[in-house]
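Me: I have a structure to study and some questions about it. Can we go through them one by one?

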Amino acid sequence: MAQNNTITCYDIAISTGATISPFVWSTKYALAHKGFDIDLVPGGFTGIAERTGGQTERLPAIVDDGKWVLDSWGIVEYLDATYPDRPALIPHPSVAPMVRALDAWFWRVATGPWMRCYCADYRDLSNPEDHEYITHSREIMIGMKLEDRQAGREDRLPLISADLEPLRIALREQPWLGGETPNYADYRILGSILFTASVCKIPALSEDDPLRDWIERCRDLFGGLGRHPGLFPLYGLKQREGDAPLFAEAGQGGIHKRNTGLASTQAETQRITQGMAKG
Ligand SMILES: N[C@@H](CCC(=O)N[C@@H](CS)C(=O)NCC(=O)O)C(=O)O
């Protein structure tokens with residue numbers, strides 16, 4: 001059992017002092033959700049194996065009263081299994097596969113593309129001793145020079161923003177991905193957003209993005225866990241002439257609109273049968 005209600009968590013941070021890893025961010029939220037204090041072991045990218053006494057070369061890792069637990073999902077499973085009397089991260093077995101699907105979608109449309117928009121900033125913001133390793137490993141990962149991959153991001157960022165519509169739809173009718181209260185779904189997606197905030201020297205989302213309310217409420221949780229002073233402003237992306245809208249107006253059609261009787265569907269019926277404009 002956690003001594004003094006504290007669990008040790010190994011961090012990956014950059015020169016601003018902010019955590020960069022989406023997996024570590026999610027894990028910090030998972031620990032806080034279970035009511036634990038976090039004893040954060042600082043550090044960057046190089047020397048993880050040495051820092052952890054050879055336990056792992058990937059983070060997060062936690063140590064609970066001497067017991068090492070690796071992997072962000074492994075940690076969630078451990079915390080819920082070991083501390084069932086505390087608030088559940090995965091409150092029903094169906095939640096885990098849904099979070100995995102949501103997370104995989106989000107990596108494809110947002111985390112990966114944002115990484116490619118900020119990859120040179122990512123390297124420049126990392127600790128000086130990490131620069132060489134980040135350049136070498138991320139250029140192999142990405143397949144080109146980081147500066148070249150980052151170039152042209154002004155054209156890509158609006159498209160990434162537009163692609164986040166499913167998340168906006170999910171949050172339109174309830175305050176959290178977890179429903180009435182947050183759960184690991186919220187923390188998992190937020191982890192990727194805070195990764196982006198740790199490196200986004202130019203903003204990724206517009207000032208009036210409907211996701212802003214949820215993101216900011218997540219950042220306020222647990223005494224402002226997501227409010228590290230090293231994080232960059234997420235909002236301020238502008239729609240330029242010729243750009244598609246950065247987010248959609250509340251949509252029409254079956255998946256968007258609840259059928260509450262004829263009045264709720266008449267305009268759409270008219271549109272699809274007579275080609276009339278919006279209603
Ligand atoms: N499956 C692992 C992935 C962890 C992972 O890949 N962590 C990255 C940070 S985002 C890492 O440790 N990178 C070290 C490196 O790049 O050398 C988990 O969910 O914890």
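Reply: Start with a definition: a strand is a DSSP run of E with at least two residues, and strands are numbered from the N terminus. Keep in mind that this model is predicted.

Me: In which strand is K67 found?
Reply: Strand β4 covers residues 67–70. K67 is found in strand β4.

Me: Which residue in the hairpin of β3 and β4 takes a positive phi?
Reply: The hairpin has 2 residues between the strands. The residue with a positive phi, near 50°, is D65.

Me: How many residues of α12 are buried?
Reply: Helix α12 spans residues 262–274 and has 13 residues. Buried means 20 or more other C-beta atoms within 10 Å. α12 is hardly covered, and its count of buried residues is 0.

Me: Where does α12 bend?
Reply: From first C-alpha to last, α12 reaches 17 Å, close to the expected 18 Å. The helix still bends, by about 25°, at E268.

Me: Which residue follows α12?
Reply: Its phi is positive, near 70°. The residue is G275.

Key
Residues are numbered from 1 along each chain as its sequence is written. This is a predicted model: local features need pLDDT of at least 70, side-chain atom pairs count only at pLDDT 80 or more; totals for chains, interfaces and linings use all residues. Two strands pair if DSSP finds at least two bridges between them. Helices (H or I, at least four residues) and strands (E, at least two) are DSSP runs, numbered from the N terminus. The expected span of a helix is 1.5 Å times one less than its number of residues. The bend at a residue is the angle between axes fitted to the seven residues ending there and the seven starting there. A residue is buried if 20 or more other C-beta atoms lie within 10 Å of its own, exposed if 12 or fewer, and partly exposed in between; C-beta atoms are placed from the backbone.
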